[in-house]
Amino acid sequence: MLTTRYVPGSPNWADLATPDIEGAKTFYGGVLGWDHVPAGPEFGGYGMFQLNGKTVAGVMQLPAETVPLSWTLYFQTADATATSTAVKDNGGTVVNEPMDVEDLGRMTLCADPAGAGFATWQPGTNTGLEATDTPGTLCWAELYTPDVDAAVGFYGSVFGWETTTMPMPGGGGDYVMVHPAGKGPDGMFAGVVENRPDAGLGATGPNWLLYFGTADCDAAVAASDRLGGTTVQEPTDIEGVGRFAVLTDPYGARLAVMQGVSQDT
């Protein structure tokens with residue numbers, strides 16, 4: 001499970017690149033209940049999404065023609081420079097070299113060998129998201145990749161991740177899950193999925209898909225539809241896990257919403 005007790009290799013931040021901050025505020029406020037808090041002029045328009053006063057994501061406005069409009073998942077590192085070297089040494093790409101963000105921390109933008117983007121965060125005064133794994137917060141992630149074994153090998157070499165495998169419901173093969181070194185199955189935070197052409201969810205190419213908790217999956221999808229989002233996968237039940245759907249926001253950024261079995265009403 002995701003937790004705010006961050007260790008090296010665990011997800012500790014997520015942010016959205018969007019061409020329209022005001023539109024994003026309306027959409028995510030309606031779907032996930034978020035408020036928006038600007039970080040201040042010295043941060044170039046970067047802001048925080050908050051829920052009940054706790055930061056649950058970041059958001060920045062960028063020109064639509066210059067960057068993919070997407071969510072980015074960050075993983076904790078104790079040494080951003082060493083991690084960027086490990087990314088390169090294992091066939092990945094460092095898109096932006098490690099850079100200091102005031103005294104908040106040190107970030108690096110990267111891509112794995114298949115091209116899926118991610119980032120790293122070396123904490124300073126900002127130690128990471130303030131809430132996870134509850135309705136309205138980051139609760140899971142999935143990597144869509146053409147080669148599961150190669151992806152597991154890359155991230156294992158860079159972050160030390162370990163894996164747990166479980167059979168998919170209905171005999172759909174195995175589902176590979178990852179967790180920080182030494183944390184065991186209780187520390188699982190993501191799955192790794194083969195990005196087949198017929199897979200549907202992964203058809204956009206190698207990518208990380210972020211899941212956010214919701215108390216009512218169907219209501220979240222209805223809110224998304226009403227606010228200009230697109231439903232990529234209709235609400236679907238997974239036995240023993242919960243009910244999820246995949247959406248894009250009005251500007252093309254993909255996300256999933258998950259109503260866990262413990263959140264059923």
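This is a predicted model: local features need pLDDT of at least 70, side-chain atom pairs count only at pLDDT 80 or more; totals for chains, interfaces and linings use all residues.
Me: What is the corresponding pair at the start of H4?
Reply: There, a side-chain oxygen of aspartate 216 lies within 3.2 Å of the backbone nitrogen of aspartate 218. The cut-off is 3.5 Å, and therefore this distance also falls inside it.

Me: How do you know that the span of H1 is close to the expected one?
Reply: Helix H1 covers residues 21-32, and its 12 residues reach 16 Å from the first C-alpha to the last. At 1.5 Å a residue, the expected value is 16 Å.

Me: Why are the buried residues of H1 said to line one face of the helix?
Reply: These residues are Ile21, Gly23, Ala24, Phe27, Tyr28, Val31 and Leu32. Viewed down the axis of H1, they fall within an arc of 155 degrees, so they line one face.

Me: Which residues of H4 are buried, and what places them on the same side?
Reply: In H4 (residues 217-226), Cys217, Ala220, Val221, Ala223 and Ser224 are buried. Their arc around the axis is only 160 degrees, which puts them on the same side of H4. Their cover includes H1 and the strands E14 (230-238), E15 (242-248) and E16 (254-260).

Me: Which residue takes a positive phi just after each helix?
Reply: Just after H1 it is glycine 33, with a phi of about 80 degrees; just after H4 it is glycine 228, with about 95 degrees.

How values were computed:
Residues are numbered from 1 along each chain as its sequence is written. Side-chain values use heavy atoms; hydrogens and water are left out. Helices (H or I, at least four residues) and strands (E, at least two) are DSSP runs, numbered from the N terminus. The expected span of a helix is 1.5 Å times one less than its number of residues. Buried means under 20% relative accessible area, exposed over 50%, partly exposed in between (1.4 Å probe, protein chains only). The arc is that of the directions from the helix axis to the C-beta atoms. Contact means heavy atoms within 4.5 Å. A polar contact is a pair of N or O atoms within 3.5 Å; within protein, one must be able to donate a hydrogen and the other to accept it, and residues adjacent in sequence count only if both atoms are side-chain atoms.
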